[in-house]
Amino acid sequence: MPFINSKISVKMTEDQKDKIKTRLGEAITILGKSESWLMVGFEDNYCLYFKGQKSPKIAYVEVALYGRAPSSAYEKFTSEVCSILGEVLQIPADKVYVKYEEVSNWGWNGTNF
């Protein structure tokens, strides 16, 4: 079960959230996962500073993944996240940061995988 949570400095419309959620659902296959287990969250209008300055268009994306994926898959997924946020929210790729966390213990439905 992957979880993608995004802290985004711009206010998002419901349509933008839906577009990004859909595109992330398609892209998650890069990491060997499926949309059927994907959870996505947004924290928009989030105050983010970079290099001591408040950034008007910037995003921090956290990807928690049950298990592992190859380094090349992470590279490709980062590129896709940057493309998605650039196209939908006009956030430049050099203002998108992606953190990956490989999780070995994940609970769901009263038990663990």
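Is Gln90 buried, partly exposed or exposed? Gln90 is partly exposed, with a relative accessible area of 48%, where buried means under 20%, exposed over 50% and partly exposed in between, using a 1.4 Å probe and protein chains only.

## Basis of the model

This is a predicted model, in which local features need pLDDT of at least 70 and side-chain atom pairs count only at pLDDT 80 or more, while totals for chains, interfaces and linings use all residues. Residues are numbered from 1 along each chain as its sequence is written, and side-chain values use heavy atoms, with hydrogens and water left out.

## Residues with positive phi

Gln90 is not a glycine, yet has a positive phi of about 60°, and is found in the loop between H2 and strand S6 (96–103); helices (H or I, at least four residues) and strands (E, at least two) are DSSP runs numbered from the N terminus. Asn109, another residue other than glycine, has a positive phi near 55°; the loop between S7 and strand S8 (111–112) holds Asn109, which counts as exposed at 63% relative accessibility.

## Packing of H1 and H2

Helix H1 (residues 14–27) packs against helix H2 (residues 71–89) at an angle of about 160°, with the axes 10 Å apart; the axes are lines fitted to C-alpha atoms over the stretch in contact, and angles run from 0 to 180 degrees between N-to-C directions. That angle makes H1 roughly antiparallel to H2, since angles under 35 degrees count as roughly parallel, over 145 as roughly antiparallel, 65 to 115 as roughly perpendicular and the rest as oblique.

## Salt bridges

A search of the whole structure finds 8 salt bridges, each defined as a side-chain nitrogen of Lys or Arg within 4 Å of a carboxyl oxygen of Asp or Glu. One of them joins the side chains of Glu80 and Arg23 (3.6 Å, N to O), and this pair links distant parts of the chain, with Glu80 in helix H2 and Arg23 in helix H1, 57 residues apart. Salt bridges that share partners join Arg23, Glu80 and Glu87 into one network.

Within helix H1, the side chains of Asp15 and Lys19 meet in a salt bridge (3.3 Å, N to O); because these residues are 4 apart in the helix, about one helical turn separates them. Asp44 and Lys11 also form a salt bridge through their side chains (3.7 Å, N to O), in which Asp44 is buried at a relative accessible area of 18%, whereas Lys11 is exposed at 58%.
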